[in-house]
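Here is a quick tour for anyone meeting this structure for the first time. Have a look at the picture, then read on.

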Amino acid sequence: MTILIEQPRLEEGKDQVENNELVLDGGLGVPKNVATGGFNAPDINAFGQSFRAYDAQSERQKSVEEFYRVNHINQTYDFVKKMREEYMKLDKMEMSIWECCELLNNVVDDSDPDLDEPQIEHLLQTAEAIRKDYPDEDWLHLTALIHDLGKVLLLPGFGELRQWAVVGDIFPLGCAFDESIVHYKHFKNNPDFYNPLYNTKNGVYTEGCGLENVMVSWGHDDYMYMVAKKNGTTLPPAGLFVIRFHSFYALHRAGAYRHLMNEEDVKNLKWLEIFSKYDLYSKSKVRVDVEKVKPYYMSLIEKYFPAKLKW
């Protein structure tokens, strides 16, 4: 039997104007959803199960839970601080965005219960789905293409980190773990769970401090965010927000940790919620013609990034 973990949706309405167009940071507007002809989310994933059904009984699900058990034990405040200091040096490699995309052909995400295809397939599936429904938001197309590039951390040359230190849902460190986080039970073996400095609602933070100032579990999200920002990308703030927090399901699916957000976070969250629909539900066995779409994405890379980046 497949059991889908139900997660409450955030309330809508307060930040939405009458014509359903969301006005966001930097003057960016979110086009309203197209009633017909837009992206239709499938009911099942590539394995014939509900999406993010972490309790479904299968060999794939067992390996996913084992991943989260190890992840939740080892992702601590001190560990993340150490990893950020190390990788902020950006001294691992120098290459272009597209070269990095090609590196991902050898990466499969063990934390993902919905897909076991190489990551380049997922990147293009997501980007092309968004491009179809939001043709004027080229920054979002590129954000979709690059959002998982930080998974190169799994490869030699980038430290060849273990999966639990690269992929999976992310969550804040330095404050209490929220029960909406998938496989929450395993946090009871994390030393931060019992540390009085870290196990209260605010922990080391203050309410409304802004997510930019919050330490989140280390992985590909935070790494790619640092790479993009420190290499001088001209992507809008919403794009960087999506890159850093696209795996933060406790926030954008369950509504947890909103007390740490500031006004800019509230605006950017709307874009993340839009992106999440495509990031999750565009995973399929449908192949994308890489050579056909490559020229378009190369033009976006040239627009928003330098030719070579430090990683």
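What follows goes from the whole chain down to a few single residues.

## Ground rules

This is a predicted model, where local features need pLDDT of at least 70, side-chain atom pairs count only at pLDDT 80 or more, and totals for chains, interfaces and linings use all residues. Residues are numbered from 1 along each chain as its sequence is written, and side-chain values use heavy atoms, with hydrogens and water left out.

## The chain as a whole

The chain has 10 helices and 4 strands. Both kinds of element are DSSP runs numbered from the N terminus: helices are H or I with at least four residues, strands are E with at least two. Starting at the N terminus, the order is β-β-α-α-β-α-α-α-α-α-α-α-α-β.

Of the 311 residues, 56% are buried. Here buried means under 20% relative accessible area, exposed means over 50%, and partly exposed is in between, with a 1.4 Å probe and protein chains only. As for contacts (heavy atoms within 4.5 Å), 78% of those with a separation of 6 or more join residues 24 or more positions apart.

Helix 1 covers residues 59-74, and its 16 residues should span 22 Å at 1.5 Å a residue; the end C-alpha atoms are 23 Å apart, which agrees. The expected span is 1.5 Å times one less than the number of residues.

Which residues of helix 1 are buried? They are R60, Q61, V64, F67, Y68, N71 and H72. These cover an arc of only 125 degrees around the axis, which puts them on the same side of helix 1. The arc is taken from the directions that run from the helix axis to the C-beta atoms.

## Helix 5, under cover

Helix 5 (residues 138-146) is mostly covered, with 9 of its 9 residues buried. One of them is H141, which counts as buried because its relative accessibility is 0%. Leaving aside neighbours within four places in sequence, H141 is in contact with A127, I130, R131, Y134, P135, Y296, Y297 and L300.

Helix 5 also packs against helix 10 (residues 290-304), at an angle of about 100 degrees and with the axes 10 Å apart. The two are therefore roughly perpendicular. For these labels, angles under 35 degrees count as roughly parallel, over 145 as roughly antiparallel, 65 to 115 as roughly perpendicular and the rest as oblique. Axes are lines fitted to C-alpha atoms, for helices over the stretch in contact, and angles run from 0 to 180 degrees between N-to-C directions. D138, W139, H141, L142 and L145 of helix 5 make the contact with Y296, Y297, L300, I301, K303 and Y304 of helix 10.

## Helices 6 and 7

How do helix 6 (residues 220-230) and helix 7 (residues 237-245) pack, and at what angle? The angle is about 150 degrees, and the axes are 7 Å apart. That is why helix 6 and helix 7 are roughly antiparallel to each other. From helix 6, D221, D222, M224, Y225, A228 and K229 meet L240, I243 and R244 in helix 7.

## Two loop residues with positive phi

Most residues other than glycine have a negative phi. L90, in the loop between helix 2 (77-87) and strand 3 (94-95), has a positive phi near 50 degrees. At 10% relative accessibility, L90 counts as buried.

H183 sits in the loop between helix 5 and helix 6, and its phi is positive too, near 55 degrees. With 9% relative accessibility, H183 counts as buried.
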